[in-house]
Amino acid sequence: MKFGSSGLRGLASELVGKPSGLYTQAFAWRLISKGVPLNSPVFVGRDLRHSSPAIVGNCMAALAASGFQPIDCGAAPTPALALYAQRHGAPALMVTGSHIPADRNGIKFYSPQGEIDKADEAAITQYVTERSNIYRLPPQPETIWPTRHDEALAGYLERTSGILKADSLSAMRVGVYQHSSVAAELLEQALLSFGAKVIPLGKSETFVPVDTEAVDAATLARLRGWAKEFKLDAIVSTDADADRPLIVDENGDLFRGDLIGLATALFLAADTVVTPVTSNSGISDAMGFEVVRTKVGSPFVIEAMEASRRDGKIIVGFEANGGVLLGSDCLVNGKALAALPTRDSLLPILAVLGTAASTKRAVSRLRDMWKLPFCASERLENFPLESSRNLMRQLASPDLLQQFLAPFGTVADVDETDGVRARMHTGEIIHLRPSGNAPELRCYSEAATYSRAAAIVALTLEKARTIASTGTEVVR
């Protein structure tokens, strides 16, 4: 178990039982140390993984044993839970592995001020380390916990009601890829409320992990088939806990997460945009807003949004996975939209579709408005962490990095904010970084065409796989 780019993550089998109870007790201790009164409510939600209900039970028992009042919000989107807790000035806990495979799971912790930060994570980790040998999981009480499921969902849906004008999507046919997203029905309701013709697609009773940064070829083929079969203007979806949006255009081609974030920032007339180094390098101050770059992970984006806060200024954060964080209150269509500094999927989906509708452009044509480099990204799954660390150690050497990237030309400069991001003399970018959430190695690239960017990613990951599988090193 370890904290990654967004919350605690690990194998579900290693989280069920004592570990989830201990981490929750540590979270409760941290809340008390920061002045949260005993007997305060803590709102608890989950995704639809098979392991999530058992972990929720462990967490709520631990909260009760620590002197807090667990409130069961059931299966709910992470942003819905965060919004409900924010409105009540209360902590929250979300059991979800987000986009990672079904055999894994995790916990996201929220203080009354929002997502916990890296200092909180370090304190919780130390607490767990010191008490792991003496902790005993409290028994499950026979009491039935208070519930607020319907209220949390209603509040989240209500927040979207003024984002677009009534019937603004009435000319659009939109597919909703349901799979096992906890927000499938909410997403349909939101689209219908703005007049869209909604076609539900691909509901699954088996958990389906959807990584919006690395959509697999089989899923893309299904999406393209649906787009053609149902003559759709777009297909939308989310990851498991609905803090990352997925959008494909009328051709079934992926509308990348950083473009979703950019479209949302422009839709909201942002003054400052905060986004990790993995987002498209073409997103710059020339677009009319200040751009602040960070490491990958919502805690880093939130920290930079807080540092950028100015009276009256609109601050929007987003990641390359498409999740958008609203760092300040703003007006949309004359209605106040409250800040929600955690990743959200519903706002960005509506922003992209609303922009397409208002400009009378197909979703695929929105890209042409910004003239950005083409990007591609993919990952090596089940890539041991030690292999990632070994590769990163080698690529820290300028000579070895040049040798590794020799097929793409000469390295011009390197950004080590998060992993190794090399800009070549051709202007192409190759970025390698270990995932913070799972044993994966991720690669991002930028080039003049999508096919070139995809080819760079494929070749780079194949070289990394070869080095790891053979135990060789990058040759000087």
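1. **Before we start.** This is a predicted model, in which local features need pLDDT of at least 70, side-chain atom pairs count only at pLDDT 80 or more, and totals for chains, interfaces and linings use all residues. Residues are numbered from 1 along each chain as its sequence is written, and side-chain values use heavy atoms, with hydrogens and water left out.

2. **The five-stranded sheet.** Let us begin with an open sheet whose five strands come in the order E13-E12-E14-E15-E18, with mixed pairing. Its edge strands are E13 (290-294) and E18 (340-344), each pairing on one side only. Neighbouring strands in this sheet are turned by 20 degrees against each other on average, direction ignored. The axes behind the angle are lines fitted to C-alpha atoms, for helices over the stretch in contact, and angles run from 0 to 180 degrees between N-to-C directions.

3. **Strand E14 and its neighbours.** Take a look at strand E14 (residues 315-318). It pairs with strand E12 (residues 272-276) in the parallel sense over three bridges, and glycine 317 in E14 is the bridge partner of valine 274. Strand E15 (residues 324-326) runs antiparallel to E14, again with three bridges; here valine 316 has leucine 326 in E15 as its bridge partner. The hairpin of E14 and E15 has five residues between the strands, and glycine 322 there takes a positive phi near 95 degrees.

4. **Are the faces of E14 buried or exposed?** In a regular strand the side chains alternate between the two faces of the sheet. Both faces of E14 are covered: Ile315 and Gly317 on one side, and Val316 and Phe318 on the other, are all buried. Buried means under 20% relative accessible area, exposed over 50%, and partly exposed in between (1.4 Å probe, protein chains only).

5. **Aromatic pairs.** The structure holds seven aromatic pairs. Rings of Phe, Tyr and Trp (its six-membered ring) pair if their centres lie within 6.5 Å; planes under 30 degrees apart count as stacked, over 60 as edge-to-face and the rest as tilted. For phenylalanine 43 and tyrosine 84, the ring centres are 5.0 Å apart and the planes stand at 75 degrees, so this pair is edge-to-face. The pair links distant parts of the chain, 41 residues apart: phenylalanine 43 is in strand E3 (residues 41-46) and tyrosine 84 in helix H4 (residues 78-88). Phenylalanine 43 is buried at a relative accessible area of 4%, and tyrosine 84 is buried too, at 11%. Elsewhere, ring pairs link Phe3, Tyr23, Phe27 and Phe109 into a cluster.

6. **The pockets.** On a 1 Å grid over the protein atoms alone, a cavity is a set of points where a 1.4 Å probe fits but cannot get out, and a pocket is an open set with protein on both sides within 12 Å along at least five of seven lines; lining residues have an atom within 4 Å of a point. Grid points are joined across faces, edges and corners, and a volume is the space filled by probe spheres set on the points. The largest pocket holds about 670 Å³. It is lined by 28 residues, with Leu254, Arg256, Cys375, Ala376 and Tyr450 closest to its centre. By class, that lining has 17 nonpolar, two polar and nine charged residues. Here Ala, Val, Leu, Ile, Met, Phe, Trp, Tyr, Cys and Pro count as nonpolar, Asp, Glu, Lys and Arg as charged, and the others, Gly among them, as polar. The second largest pocket has about 430 Å³ of space, and helix H13 (385-395) is one of the elements that supply at least two residues of its lining. H13 gives the most, with three residues.

7. **The cavities.** How many cavities of 30 Å³ or more does the structure hold? There are seven. The largest has about 90 Å³ of space, and its 15 lining residues include Ser5, Glu213, Arg244, Val296 and Asn437, which lie nearest its centre. That lining divides into two nonpolar, seven polar and six charged residues. The second largest cavity has a volume of about 80 Å³. Its lining includes Phe3 and Phe109, which also belong to the ring cluster of point 5.

How values were computed. Helix = DSSP H or I, 4+ residues; strand = E, 2+ residues; numbered from the N terminus. Pairing = 2+ DSSP bridges.
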